[in-house]
Amino acid sequence: MGKSERLADSTAQQIMEIIEKGDRFSVGDKLPNELELSNELGVSRSTLREAIKVLTTNGILEIRRGKGTYVTSKTIIDSGDLNDIASGLDDLFEMRLMFEPDCAYLAAQRATDEEIDIICYYGEEIEKKILSGEDRTFEEQKFHESIANATHNSFVKQFMPIIFNAIRKGVAVMTKDEEISKDNMNDDRLIMEFIKKRNADGAKTAMRLHILHALDSLKKSSK
């Protein structure tokens, strides 16, 4: 992963942490202007723009032309809202089931060595977040985005906002269950292992099992 991409991702993470704390920005609030925010975070304006792009794709921020950048969602959602969040998740995860196993299949065939390193980097970051009990939404989204990017299909990006939304809501519903988190780690390790070995059928099956496990966990969480 290039230095500029790592810096943009870490800056996006910083902005997310500020939003998640909830004492400064609420949904609908406008972020400070580019110069002010880049100075506050200690990064260049170009890095900030890339970070905002990441969060816009994730559905956390919205750029309103001529008006500024606004918070549209928070990654940490209060447990009281979980029933509302869970509604419709079955359909979102069903859509993932139709789409992501084939992405893993193609990624195993087409990924460059550098792209495999990026996939594994985010897979390892997810594991760190799970073990430390921290929110892993961002890392989950980047892991699945990295696999999708490695398909080298120019239309894949159009589906990513749906995938990001499903992941964000899924983590909010399931993150408190330790058994589910362990399954998540094991599934991710299996996906990474098959992609590293360029075993396309194995990667496809591992991704399918990963999403089926998530669907099963959703059903348990909603009871």
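Buried means under 20% relative accessible area, exposed means over 50%, and partly exposed lies in between (1.4 Å probe, protein chains only). This is a predicted model, in which local features need pLDDT of at least 70, side-chain atom pairs count only at pLDDT 80 or more, and totals for chains, interfaces and linings use all residues. Residues are numbered from 1 along each chain as its sequence is written, and side-chain values use heavy atoms, with hydrogens and water left out.

**Stop 1: salt bridges**

Select arginine 49. At 43% relative accessibility, arginine 49 is partly exposed. The term requires a side-chain nitrogen of Lys or Arg within 4 Å of a carboxyl oxygen of Asp or Glu. By that rule the count is 16 salt bridges. Arginine 49 sits in helix α3 (residues 45-57) and glutamate 34 in helix α2 (residues 34-41), 15 residues apart. Helices here are DSSP runs of H or I with at least four residues, strands are E runs of at least two, and numbering starts from the N terminus.

Next, select aspartate 113 and arginine 198. A salt bridge joins their side chains at 3.2 Å, N to O. Aspartate 113 lies in helix α6 (residues 113-132), while arginine 198 is in the loop between α9 (178-196) and α10 (200-221), so the pair ties together parts 85 residues apart in sequence. Aspartate 113 is exposed at 57%. Arginine 198 is partly exposed at 35%.

Now go to glutamate 139 and lysine 129. The closest N and O atoms of this salt bridge are 3.9 Å apart. Glutamate 139 belongs to helix α7 (residues 137-149) and lysine 129 to helix α6, 10 residues away. Glutamate 139 is buried at 6%. Lysine 129 is buried at 12%.

**Stop 2**

**Stop 3: rings**

Select tyrosine 121 and tyrosine 122. The whole structure holds 2 aromatic pairs. These two tyrosines form an edge-to-face pair, 5.0 Å centre to centre with 75° between the planes. Rings of Phe, Tyr and Trp (its six-membered ring) pair if their centres lie within 6.5 Å; planes under 30 degrees apart are stacked, over 60 edge-to-face, and the rest tilted. Tyrosine 121 is partly exposed at 33%. Tyrosine 122 is buried at 3%.

Move to tyrosine 70. The charged end of arginine 64 sits over its ring, 4.0 Å from the centre. This needs NZ of Lys or CZ of Arg within 6 Å of the ring centre and within 35 degrees of the ring normal. At tyrosine 105, lysine 204 lies over the face, 5.8 Å from the ring centre.

**Stop 4: the largest pocket**

Select Asp9, Lys142 and Glu145, which a network of salt bridges links. Then show Glu5, Lys142, Glu145, Asn149 and Lys157, the residues nearest the centre of the largest pocket among its 21 lining residues. α1 (3-21), α3, α6 and α7 are the elements that each give two or more residues to this lining. Helix α3 gives the largest share, 6 residues.

Conventions:
On a 1 Å grid over the protein atoms alone, a cavity is a set of points where a 1.4 Å probe fits but cannot get out, and a pocket is an open set with protein on both sides within 12 Å along at least five of seven lines; lining residues have an atom within 4 Å of a point.
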